[in-house]
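Subject: Structure handover

Hello,

Here is the structure I promised to pass on. Please open it alongside this email.

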Amino acid sequence: MNKEIRANVIRIVLFVLLQVLLLKDIQIMTGSVQYLYLMVYPLSIIMLPLAMPQFFLLLTAFGLGFFVDLFYQSVGVHASACLWLAAARPFILRYLEPKSGYSTGLILSGGSLGIFWFLQYISICLLVFFFSYFCMEMFSFVYLGTILIKTIVSLFVSGMIIFLIQIIWNPKY
């Protein structure tokens, strides 16, 4: 098995285990509504190799989301949010592309492209992920205010956790 593939598989397994064994049971509620959802497993989709073909990216995202759906007992909510993230990722990368372009074999992290670039990248990716997740969870735009509040709160807290994971994982900052 190629070293890069092995590293990505290990990263995906670790993030899924962290998600389903630890973060799934953390519930911070205001009244009867839970506004904060801690999700770090989208980072495994965000950090997949730049040269990965779109078909395999979508297939990996669907499999990852489907697997998380099994633990959350949510029928396709995670899978669809992961698919939206995987489908939007090329557009986000094109939007944030440096003037010199991406180099071959580049790892999508703050250590290789800079902290500011990485913060923009994970913020936009998580925004797509959480907005599509809560839209699928509510399945109606009637609750658009609740969807936006949940998206912003979860984006902010999960983004901070993902950023800390990045610093711990790659302390080159």
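Predicted model: local features only at pLDDT ≥ 70, side-chain atom pairs only at ≥ 80, totals over all residues.

**The core**

The largest nonpolar core has 46 residues. Y41, L43, I45, I46, Y121 and F129 have the most contacts inside it. Six helices each supply at least two of the core's residues: α1 (3-21), α2 (42-46), α3 (54-72), α4 (77-95), α6 (115-138) and α7 (144-169). The top contributor is α6, which gives 11 residues. As general background, nonpolar side chains tend to be buried together in soluble globular proteins.

What does F129 touch, once its neighbours within four places in sequence are left aside? The list is M39, Y41, P42, A81, C82 and L85.

Start with K3, which is found in helix α1. Its relative accessible area is 67%, over the 50% cut-off, so K3 counts as exposed. K3 and V33 are 30 residues apart along the chain, and their C-alpha atoms are separated by 44 Å.

V9 is also found in helix α1. Is V9 buried, exposed or partly exposed? Its relative accessibility is 39%, so V9 counts as partly exposed. That value falls between the cut-offs of 20% and 50%. V9 and S44 are 35 residues apart along the chain, with 9.0 Å between their C-alpha atoms.

**The largest pocket**

About 450 Å³ of space lies in the largest pocket. Its lining has 20 residues. A7, R11, M47, I107 and W169 lie nearest the centre. The elements giving two or more residues to this lining are α1, α5 (110-113) and α7. The most come from α1, with 6 residues. By class, the lining divides into 9 nonpolar, 7 polar and 4 charged residues.

**The second largest pocket**

How much space lies in the second largest pocket? The value is about 310 Å³. This pocket is lined by 16 residues, and E4, I5, N8, P49 and M52 are the closest to its centre. Here α1 gives the largest share of the lining, with 5 residues. The lining has 9 nonpolar, 6 polar and 1 charged residues.

**Where to look**

Best wishes

Definitions and conventions:
Residues numbered from 1 in each chain as written. Heavy atoms only, no water. Core = buried A, V, L, I, M, F, W, Y, C linked by side-chain atoms within 4.5 Å. Buried < 20%, exposed > 50% of the residue type's maximum accessible area, 1.4 Å probe, protein only. Helix = DSSP H or I, 4+ residues; strand = E, 2+ residues; numbered from the N terminus. Contact = heavy atoms within 4.5 Å. 1 Å grid on protein atoms, 1.4 Å probe; cavity = no way out; pocket = protein on both sides within 12 Å on 5 of 7 lines; lining within 4 Å. Points joined across faces, edges and corners; volume = space filled by probe spheres on them. Nonpolar A, V, L, I, M, F, W, Y, C, P; charged D, E, K, R; others polar.
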